[in-house]
Amino acid sequence: MAAPTRKKKKKKIVGGGKKSEIWEGCGWIGGGAGGDTVGIVARLSECIASRGGNIHSVDFTYNPMLWPRDVLRTDFLNLSQHFSAQRSTVRVPDLDPKYKISVLASKQDHCLFDLLYRWQEGRLPVDINCVISNHDRLKDNHVRRFLERHGIPYHYLPTSPGNKREQEILELVQGTDFVVLARYMQILSEGFLKAYGKDIINIHHGLLPSFKGGNPSRQAFNAGVKLIGATSHFVTPELDAGPIIEQMVERVSHRDTLQSFVVKSENLEKQCLAEAIKSYCELRVLPYELKKTVVF
């Protein structure tokens with residue numbers, strides 16, 4: 001269940017001759033495993049109306065003076081318990097802290113730096129706790145300079161086949177709301193996933209058809225593919241098989257060089273990952289049937 005509020009608007013209220021703040025957002029309720037529970041919408045609308053709110057299509061408005069944040073959370077929690085929802089989430093971005101995340105990356109910088117830039121521009125509702133990498137970057141590297149300038153810790157944890165440094169990573173990501181793998185080329189074990197216990201979002205190059213092993217872009221280019229793609233998904237114990245959040249594709253042709261091919265592929269990865277994170281933070285991603293999602 002989720003009731004996000006995306007933005008704050010000020011509107012005039014008829015009567016009284018005064019202005020009052022009205023907060024606008026979206027709400028969804030996820031029921032039990034059956035998915036066919038009757039009365040969810042009725043109870044939700046009754047809850048909103050009882051607090052002076054009003055429903056407009058899938059959006060609802062409410063006045064935080066009449067419906068305080070803590071009461072809002074309690075009301076929706078009661079609804080989730082009534083319908084045996086497996087998960088209940090309520091966020092009001094203008095009131096609640098931003099999502100706290102950690103980012104894991106390997107040698108490639110394009111997804112990592114794109115996230116840092118979007119964060120700097122305020123285009124992603126997150127606070128970056130730290131960046132963790134299994135590849136070192138020199139002090140004058142553009143990523144290191146950016147992180148140092150903004151006070152974001154950088155942790156270099158070299159890995160080996162016998163030591164993935166998972167316990168150290170786990171300690172560094174404790175307290176975060178979710179983790180982002182920005183082209184982190186290491187497989188996280190099932191034990192790590194269980195110990196962390198929260199969502200992890202990954203970006204997969206997703207070239208079509210799939211090319212495994214080293215340098216997939218060159219493999220795809222040499223094979224003369226006509227369509228490339230990127231897929232952002234949740235991390236599960238099964239490699240690259242978690243529920244899909246976002247996918248993007250783009251056409252390529254014989255006119256593309258290897259360099260333009262790689263640029264197009266990396267641009268897709270950056271956009272796809274950023275859009276997945278944005279959708280997730282806006283509570284527009286609803287997992288269902290174990291391996292699927294609905295993205296509103």
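Predicted model: local features only at pLDDT ≥ 70, side-chain atom pairs only at ≥ 80, totals over all residues.

A contact here means heavy atoms within 4.5 Å.

Residues are numbered from 1 along each chain as its sequence is written, and side-chain values use heavy atoms, with hydrogens and water left out.

**Stop 1: colour by confidence**

Colour the chain by pLDDT, the predictor's confidence in each residue, from 0 to 100. The mean is 84, and 85% of the residues reach 70 or more. Now select residues 1-22: pLDDT is below 50 there, and the stretch has 65 contacts in the model beyond near neighbours in sequence. Residues 24-34 also stay under 50, with 48 contacts beyond four places in sequence.

**Stop 2: the overall build**

Switch to cartoon view and you'll find eight helices and 13 strands. These are DSSP runs, numbered from the N terminus: helices are H or I with at least four residues, strands are E with at least two. Of the 296 residues, 44% count as buried. Buried means under 20% relative accessible area, exposed means over 50%, and partly exposed is in between (1.4 Å probe, protein chains only). As a surface, the chain exposes about 16,000 Å², and carbon and sulfur atoms supply 52% of that. Accessible areas come from the Shrake-Rupley method with a 1.4 Å probe, and for residues only the protein chains shown count as cover.

**Stop 3: into the core**

Which residues have the most contacts inside the largest nonpolar core? Select Val103, Val126, Phe178, Leu273 and Ile277 to see them; the core has 42 residues. (A nonpolar core is a set of buried Ala, Val, Leu, Ile, Met, Phe, Trp, Tyr and Cys residues joined through side-chain atoms within 4.5 Å.) Elements that each supply at least two residues of this core include β5 (99-105), β6 (126-133), β10 (227-234) and α8 (258-281). Helix α8 gives the largest share, eight residues.

Zoom in on Phe178. Leaving aside neighbours within four places in sequence, Phe178 is in contact with residues including Tyr99, Ile101, Val126, Ile201, Ile277 and Tyr280. Then look for a second, separate core of 15 residues, which includes Ile169, Val173, Leu188 and Phe192.

**Stop 4: charged pairs**

Side chains of opposite charge can pair when their charged atoms come close. The whole structure has 14 salt bridges, each a side-chain nitrogen of Lys or Arg within 4 Å of a carboxyl oxygen of Asp or Glu.

Start with Arg165 and Glu168, whose closest N and O atoms are 2.5 Å apart. Arg165 counts as buried because its relative accessible area is 17%, whereas Glu168, at 33%, is partly exposed.

Next, pick Glu269 and Arg183, which meet in a salt bridge at 3.4 Å, N to O. This pair links distant parts of the chain: Glu269 is in helix α8, Arg183 is in the loop between β8 and α6 (190-196), and they sit 86 residues apart. Both are buried.

Now try Arg284 and Glu282, with closest N and O atoms 2.7 Å apart; both of these are buried too.

**Stop 5**

Most residues other than glycine have a negative phi. Go back to Arg183, though: its phi is positive, about 65°, and its relative accessible area is 7%. Asp240 has a positive phi as well, near 50°. Look for Asp240 in the loop between β10 and β11 (244-251); at 38% relative accessibility, Asp240 is partly exposed.

**Stop 6: back to the surface**

Finish by selecting Leu286, Tyr288, Val294 and Phe296, a nonpolar surface patch with about 310 Å² of accessible area together. Patches are made of residues with over 30% relative accessible area and no salt bridge, with like charges joined within 9 Å and nonpolar side chains (Val, Leu, Ile, Met, Phe, Trp, Tyr) within 5 Å. Val294 belongs to strand β13 (residues 292-295).
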